[in-house]
Amino acid sequence: MRSPKALATSALATGPRDGSQAIQRNAGLAEEVYEAILARLMALKIPPGSRITVDNLVRELAVSQTPIREALGRLEGEGLVVKTHLVGYSAAPQITRTRFNELYELRLLLEPDAASRAAAVMTEEALAELTEAAGVMSREGGADDRARYSQFARQDALFHDRILEVAGNALIRETLAHQHTHFHIFRLMFHARVTEEALDEHAAILAAFAARDPEAARQAMRLHVERSRDRLLPAFDL
Ligand SMILES: [Zn+2]
């Protein structure tokens with residue numbers, strides 16, 4: 001499994017894509033094809049649960065089947081694409097309300113506690129990395145809003161994963177990484193508010209880390225996860 005960190009690093013290397021144009025053949029072809037398909041999934045241009053036809057992508061992206069199959073395999077590992085024997089690929093179904101509630105219950109059990117432990121052992125190096133990850137999210141790029149949103153989802157995954165890494169329990173980190181939370185929740189709703197408010201909440205978490213204050217970090221993370229849940233819940237009423 002590719003770590004969220006590896007994903008984020010490669011995203012930064014290639015920059016945001018909106019996937020709306022045929023892809024130029026170059027050394028980063030596999031990565032660009034991946035980015036283009038990911039952007040379609042995050043923007044719901046490939047709707048949740050719908051079939052993904054390799055031949056269609058060959059035409060749309062003007063590349064051969066090989067990088068497309070490679071990208072679909074990678075997205076399958078990340079939980080965004082499902083491969084069914086004899087049927088082929090489809091976009092993962094939209095997360096259900098029940099599953100969403102379960103996911104946030106799990107996050108609230110694990111992430112505030114992890115933030116508290118991370119604050120207690122925070123190094124200058126880790127704090128600088130987290131600050132950088134949070135900073136990337138707030139930058140305005142030349143990309144369109146949906147491409148930015150897809151990048152935000154990935155950076156948010158990196159930010160939360162890095163905190164779990166610092167906290168030091170590898171099993172908890174793997175358990176949450178396996179949920180692919182950020183891809184699923186960001187597919188629920190496209191809204192600028194989701195990103196703007198989260199930036200302030202991340203800043204509060206970082207301030208608690210900078211102060212090496214475990215209790216403040218716990219509270220800031222709990223508030224962030226609760227608010228994230230409350231921002232996204234209306235998506236189920238649409
Ligand atoms: Zn976040």
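A residue is called buried if 20 or more other C-beta atoms, placed from the backbone, lie within 10 Å of its own, exposed if 12 or fewer do, and partly exposed in between. The model is predicted: local features need pLDDT of at least 70, side-chain atom pairs count only at pLDDT 80 or more, and totals for chains, interfaces and linings use all residues. Residues are numbered from 1 along each chain as its sequence is written.

Glutamine 155 is buried because 26 other C-beta atoms lie within 10 Å. Glutamine 155 belongs to helix α7, residues 145-167 (helices are DSSP runs of H or I with at least four residues, strands are runs of E with at least two, and both are numbered from the N terminus). Its C-alpha atom is separated by 7.5 Å from that of valine 136, 19 residues apart along the chain.

Two loop residues other than glycine have positive phi. Histidine 180 has a phi of about 50° and sits between α8 (170-177) and α9 (181-188). Histidine 180 is partly exposed, because it has 18 C-beta neighbours inside 10 Å. Arginine 212 has a phi near 50° and sits in the loop between α10 (192-210) and α11 (214-232). With 13 other C-beta atoms within 10 Å, arginine 212 is also partly exposed.

The axes of α3 (residues 54-61) and α4 (residues 65-77) come within 9 Å and cross at roughly 120°. Axes are lines fitted to C-alpha atoms, for helices over the stretch in contact, and angles run from 0 to 180 degrees between N-to-C directions. Val54, Leu57 and Val58 of α3 make the contact with Gln65, Ile68 and Arg69 of α4 (C-beta atoms, placed from the backbone, within 7 Å).

Technical notes
Two residues are in contact if their C-beta atoms, placed from the backbone, lie within 7 Å.
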